[in-house]
Amino acid sequence: MLRNIGSNWVLIVATVAAAYILTPFIIRTLGQDGYGTWTLITAMTGSMSLLALGVPMASVRYLAQDVAEGDAGKMNQTIGTCATLYLAIGAGALLAGAALTVAFNSYDVPQALRAQALVAFSLVVVQVSAGFIGLLPEGIMFAHHEFVVRNLVRIAGVLLRLCLTVAALSISPSLIALAAVQVACLAFDFGVSWLLIRRRYPAVRISVADFDRQVLRKIFSFSVWVLLLNAGARLIFETDALVIGAFMGVQSIPYYVVANSLIVYVMEFVIAIAAVVSPMATKLHTAGDSRQLREIFLRWSKVSLSLSAMAGLFLIVLGPSFIGQWLEPSFVGPSGQVLQILMISSFVFLPIRGVAMPILLGIGQPRLLTVALLGAGALKMALSVLLIGPLGL
């Protein structure tokens, strides 16, 4: 497990390093209004991920179970059923994206950016829609515990995105260029991942002919809870730009997003543990090895708590100064205060997110977890709307 989790951490370090370079570069190139508009685009199109209906997490759980049982035929039925679902969801996402374009037009995007913002929005909608089927190779690799190989592909994708973003914005500093980079990186990730799967697991195939209604019912019986869980998580972590853009304007979004991005990077280190723990929990639960499952829960909960405490204390004490040196002094006050408040709120949540949540999902017990997270998300959204007026960011 340590090797797999370690590879996840290497990926996160690469992602953070790329963001450290790209964020100030994009802000300087596009301007604060341009960066705020881009954040608004990604926040609105990001909500389309809920259309996945919890299938990605359900697919990993049941594929891991099929792999543990050594049943290749059953595994291909699960893959074929998920592929059919992803294609249908992708088509639905295109329609949803068209509807979201109307909502996007209602935001106060600067007139100079409006035309390119609409084109960029459309490109990101296409990228998100195609991204559903793009989730399938990752699910297959995770089910086979191929985290190291998968992360090598993703690290290559991070480097590709870094180089393409710098090159594209240097040639054409526009939102359209930024969106085109996302599409290119998705194509690279899917193509390389599927090539590796075909070479390492020749028995694996993606075919809609393997669609099975019984597998579909099984996936939906689990994925509906994951869908609600993801909705709660999105309400908690990914609706801020929508609220800020509606009540304070797109120029205020970067101050919050910069601070929140640091919290997200800390969370990614914890989620790196969760990505390995969940399929491992499924494997041990299928084998009836509850003793080892309890050991994993205790050991990695301690690791998650330690990571959260170390990173959190650094961000609370030195985070505002770091933001000022990273970007510019004007971000120290608004972004620094937001960062400190968000980090304090994360001390309890992060260790639970890293181990307890993926174990519950891995053993097929998502109900109480889903209700709790969905309730927290609804409360957070309501408080955001009520308090942004008197308290601001």
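## Two helices side by side

Keep in mind that this is a predicted model. Helix 7 (residues 213-237) packs with helix 11 (residues 332-362) at an angle of about 170°, and their axes are 13 Å apart. Anything over 145 degrees counts as roughly antiparallel, so that's what helix 7 is to helix 11.

Where do they meet? Helix 7 brings Phe222, Val226, Leu229 and Phe237, while helix 11 brings Phe349, Met357 and Leu361. By class, that contact has seven nonpolar residues, with no polar and no charged ones.

## The nonpolar cores

The largest nonpolar core has 91 residues, and the ones touching the most other members are Ile26, Leu40, Ile41 and Phe104. Take Leu40: leaving aside residues up to four places away in sequence, Leu40 touches Phe104, Tyr107, Val109, Ala241, Leu242, Val250 and Ile253. There's also a second, separate core of 16 residues, with Leu293, Ile296, Trp300 and Ile363 among them.

## A salt-bridge network

The structure holds seven salt bridges. One of them pairs Arg150 with Glu138, with the closest N and O atoms 3.0 Å apart. Arg150 sits in helix 5 (residues 147-171) and Glu138 in helix 4 (residues 111-143), so this pair ties together parts 12 residues apart in sequence.

Glu138 also bridges to Arg154, at 3.6 Å between the closest N and O atoms. Arg150, in turn, forms a salt bridge with Asp189 at 3.1 Å between the closest N and O atoms; this pair links helix 6 (residues 175-200) to helix 5, 39 residues apart. Together, Glu138, Arg150, Arg154 and Asp189 are linked in a network.

How buried is Arg150? Its relative accessible area is 4%. Asp189 is buried too, at 14%, as is Glu138 at 18%, whereas Arg154 is partly exposed at 31%.

How values were computed: Residues are numbered from 1 along each chain as its sequence is written. This is a predicted model: local features need pLDDT of at least 70, side-chain atom pairs count only at pLDDT 80 or more; totals for chains, interfaces and linings use all residues. Side-chain values use heavy atoms; hydrogens and water are left out. Axes are lines fitted to C-alpha atoms, for helices over the stretch in contact, and angles run from 0 to 180 degrees between N-to-C directions. Helices (H or I, at least four residues) and strands (E, at least two) are DSSP runs, numbered from the N terminus. Angles under 35 degrees count as roughly parallel, over 145 as roughly antiparallel, 65 to 115 as roughly perpendicular and the rest as oblique. Contact means heavy atoms within 4.5 Å. Ala, Val, Leu, Ile, Met, Phe, Trp, Tyr, Cys and Pro count as nonpolar, Asp, Glu, Lys and Arg as charged, and the others, Gly among them, as polar. A nonpolar core is a set of buried Ala, Val, Leu, Ile, Met, Phe, Trp, Tyr and Cys residues joined through side-chain atoms within 4.5 Å. Buried means under 20% relative accessible area, exposed over 50%, partly exposed in between (1.4 Å probe, protein chains only). A salt bridge is a side-chain nitrogen of Lys or Arg within 4 Å of a carboxyl oxygen of Asp or Glu.
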